[in-house]
Amino acid sequence: MSHERHEPGVKTYTLIYFGLLILMTATVAAAFYDFNRILPGHSWGMIIAFAIASVKGLLIVLYFMHVLSGPRRAAVFAGAGFLWLGILFVLIFCDYASRQYPVNPRGEPRYIWQNDPANAVHPTEQASHPA
């Protein structure tokens, strides 16, 4: 039971190379186009740029890093690496979503101002005012 995988030829590498050049051109074109005129309210330019970058990365991993034509353990380790990358992204986005953002020019978080009355002097300003 031999599972021989064939290496891609020069023609395949040339097609992948020109595909990557076309995708690079699409990335540059997408950077200069305002997608908010067509689809307002969303970051469609960033979503399209991430999609193009994902396709480019997939082509590079599959063909130039020989995950498609190499041994199956290469695909397993590449998949494990992307699984770990996904876990890190989820943790980073959870941390980003749970932060307390500043609401004033001093850069102080919201929780400092939650219990203060509307016209109260802030604790940092009390030290500068003599009693």
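1. The expected span of a helix is taken here as 1.5 Å times one less than its number of residues. Helix α1, with 23 residues, reaches 34 Å from its first C-alpha to its last, close to the 33 Å expected on that basis. Helix α2, with 21 residues, reaches 29 Å between its end C-alpha atoms, close to an expected 30 Å. The model under discussion is a predicted one.

2. Overall composition. The chain contains 5 helices and 0 strands, and its elements run α-α-α-α-α from the N terminus on. Of its 131 residues, 12% are buried. Among contacts between residues at least 6 apart in sequence, 49% join residues at least 24 apart.

3. Helices α1 and α2. In α1, the residues I16, L20, L23 and A30 are buried, and what covers them includes α2. The buried residues of α2 are I52, K56 and V61; their cover includes α1 and α3. Each of these two helices therefore contributes to covering the buried residues of the other, where contact means heavy atoms within 4.5 Å.

4. K56 lies in helix α2, which spans residues 44-64. Is K56 buried or exposed? K56 is buried, yet has no salt bridge. The nearest side chain of opposite charge, D34, is 20 Å away. Leaving aside residues up to four places away in sequence, K56 touches L20, L23, M24 and T27. Among these, L20 and L23 are themselves buried residues of α1.

5. Aromatic pairs. How many aromatic pairs does a search of the whole structure find? The search finds 4. One of them is formed by Y13 and F64, which are stacked, with 5.6 Å from centre to centre and 20° between the planes. This pair links distant parts of the chain, since Y13 is in helix α1 (residues 10-32) and F64 in helix α2, 51 residues apart. Y13 counts as partly exposed because its relative accessibility is 22%, and burial would require a value under 20%. F64 is also partly exposed, with a relative accessible area of 37%.

6. A further aromatic pair is that of Y17 and F18. Their ring centres are 5.4 Å apart and their planes stand at 65°, so the pair is edge-to-face. The cut-off behind that label is an angle over 60 degrees, whereas planes under 30 degrees apart count as stacked. Y17 is partly exposed, with a relative accessible area of 46%. F18 likewise is partly exposed, with a relative accessible area of 46%.

7. M65 is placed in the loop between α2 and α3, the latter covering residues 72-97. M65 is exposed, because its relative accessible area is 54% and the cut-off for that class is over 50%. The C-alpha atoms of M65 and A78 are separated by 9.8 Å, the two residues being 13 apart along the chain.

8. Backbone at H66. Which residue with a positive phi follows α2? The residue is H66, with phi near 60°. H66 is not a glycine and lies in the loop between α2 and α3. In general, most residues other than glycine have a negative phi. At 31% relative accessibility, H66 counts as partly exposed.

How values were computed: Residues are numbered from 1 along each chain as its sequence is written. This is a predicted model: local features need pLDDT of at least 70, side-chain atom pairs count only at pLDDT 80 or more; totals for chains, interfaces and linings use all residues. Side-chain values use heavy atoms; hydrogens and water are left out. Helices (H or I, at least four residues) and strands (E, at least two) are DSSP runs, numbered from the N terminus. Buried means under 20% relative accessible area, exposed over 50%, partly exposed in between (1.4 Å probe, protein chains only). Lys and Arg count as positive and Asp and Glu as negative; His and the chain ends are not counted. A salt bridge is a side-chain nitrogen of Lys or Arg within 4 Å of a carboxyl oxygen of Asp or Glu. Rings of Phe, Tyr and Trp (its six-membered ring) pair if their centres lie within 6.5 Å; planes under 30 degrees apart count as stacked, over 60 as edge-to-face and the rest as tilted.
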